Amino acid sequence: MNTVLYWAAWFALVCFVLGMGCAALRMLRGPTAQDRVLALDALYINGMLAMLAFGIRSGTDVYFDVALLIALFGFVGSTAMAKFLLRGEVIEP
Amino acid sequence: MTGADVPLWAAIPAAILLVLAGVFALTGSVGLLRMRDFYSRVHAPTLATTLGAVCTLVASGLVFSALTTRLVLHEVVIALLLLLTSPVTAMMLMRAARYRARRRETPTDVRDPS
């Protein structure tokens, strides 16, 4: 009966990858810089969810650590870029 | 196909939650692509970061708790991290957008001489 779980994880993976495609399109097209940063934010969130769906599908918890690291470093990256857009500098003296 | 011994009481809710998470994340990303200006575009990906992420994390916790026959709670770490970090990023992006829009509106002689 685990075909249900298998196909649900497959459907979620397809949705997350389509979402990553939408975010990448917005990042390529975005008229202003803050649009691109927002699209990068959505891109890494969707990638992290895809990693979790991979983990559910394969049954190992190795993917969980990858998802945790993506969430952590994605936050650091997008916050640094937002700070740069706001102040013109990332680390202020 | 691995993970073949997930019992039925965990497989069905996890499958429903995964489908819901996929629909939410796709809706948020399509909204990011389709909305007209930046201030409305900020709203769209929060659907993926809150509802999509929570649904996926609860499904993952269910499946791994059923696989290892003990309570697995390490998904709470990711949920807490997302709850703490995604408003910070959104607020800083909004402030950057307002700051940049104001700078573009001011005439050049008011701006600092550079």
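Helices (H or I, at least four residues) and strands (E, at least two) are taken as DSSP runs and numbered from the N terminus. On this basis the secondary structure of chain A comes to three helices and zero strands, arranged along the sequence in the pattern α-α-α, whereas chain B holds four helices and zero strands in the order α-α-α-α. The model is predicted, so that local features are given only at pLDDT of at least 70 and side-chain atom pairs only at pLDDT 80 or more, while totals for chains, interfaces and linings use all residues. Residues are numbered from 1 along each chain as its sequence is written, and chains are lettered from A, and ligands numbered from 1, in the order in which they are written.

The predictor gives the complex an ipTM of 0.86 and a pTM of 0.86. In pLDDT, the predictor's confidence in each residue on a scale from 0 to 100, chain B averages 84, and 89% of its residues score at least 70. Among the elements of chain B, the highest mean pLDDT, 91, belongs to H1(B), and the lowest, 88, to H4(B). Where pLDDT is low, the predicted coordinates should not be read in detail.

The C-alpha trace of chain A spans about 55 × 30 × 10 Å along its principal axes. A residue is termed buried if 20 or more other C-beta atoms lie within 10 Å of its own, exposed if 12 or fewer do, and partly exposed in between, the C-beta atoms being placed from the backbone. By this criterion 42% of the 93 residues in chain A are buried, and 36% of the 114 residues of chain B. Two residues are in contact if their C-beta atoms, likewise placed from the backbone, lie within 7 Å. Of the contacts in chain A with a separation of 6 or more, 45% are accounted for by residues 24 or more positions apart; in chain B, 60% of the contacts between residues at least 6 apart in sequence join residues at least 24 apart.

H3(A) has 26 residues and reaches 38 Å from its first C-alpha to its last, close to the 38 Å expected at 1.5 Å a residue, where the expected span is 1.5 Å times one less than the number of residues. The buried residues of H3(A) include Tyr63(A), Phe64(A), Ala67(A), Phe75(A) and Leu85(A), and what covers the buried residues of this helix includes H2 of chain A together with H4 of chain B. Just after H3(A), Gly88(A) takes a positive phi of about 80°.

Between the chains, 52 residues of chain B are in contact with 47 residues of chain A. The elements that give two or more residues to this side of chain B are H1, helix H2 (38-41), helix H3 (45-68) and helix H4 (75-105) of chain B, and the largest share, 17 residues, comes from H1(B). By class, the side of chain B that touches chain A has 37 nonpolar, twelve polar and three charged residues, where Ala, Val, Leu, Ile, Met, Phe, Trp, Tyr, Cys and Pro count as nonpolar, Asp, Glu, Lys and Arg as charged, and the others, Gly among them, as polar.

A nonpolar core is defined as a set of buried Ala, Val, Leu, Ile, Met, Phe, Trp, Tyr and Cys residues joined through C-beta atoms within 7 Å. The largest such core has 57 residues, and those with the most contacts inside it include Leu52(A), Ala14(B) and Leu18(B). Helix H1 (3-29), helix H2 (33-58) and helix H3 (62-87) of chain A, together with H1, H3 and H4 of chain B, each supply at least two residues of this core, and its largest share, 13 residues, comes from H2(A). Leaving aside neighbours within four places in sequence, Leu52(A) is in contact with Tyr63(A), Ala67(A), Thr56(B), Leu57(B) and Ser60(B).

Two residues of chain B were examined individually. Ala10(B), placed in helix H1 (residues 8-34) of chain B, is partly exposed because 19 other C-beta atoms lie within 10 Å. Leaving aside its neighbours within four places in sequence, Ala10(B) is in contact with Leu62(B), Val63(B) and Ala66(B). Val77(B), in helix H4 of chain B, counts as partly exposed, with 14 C-beta neighbours inside 10 Å.
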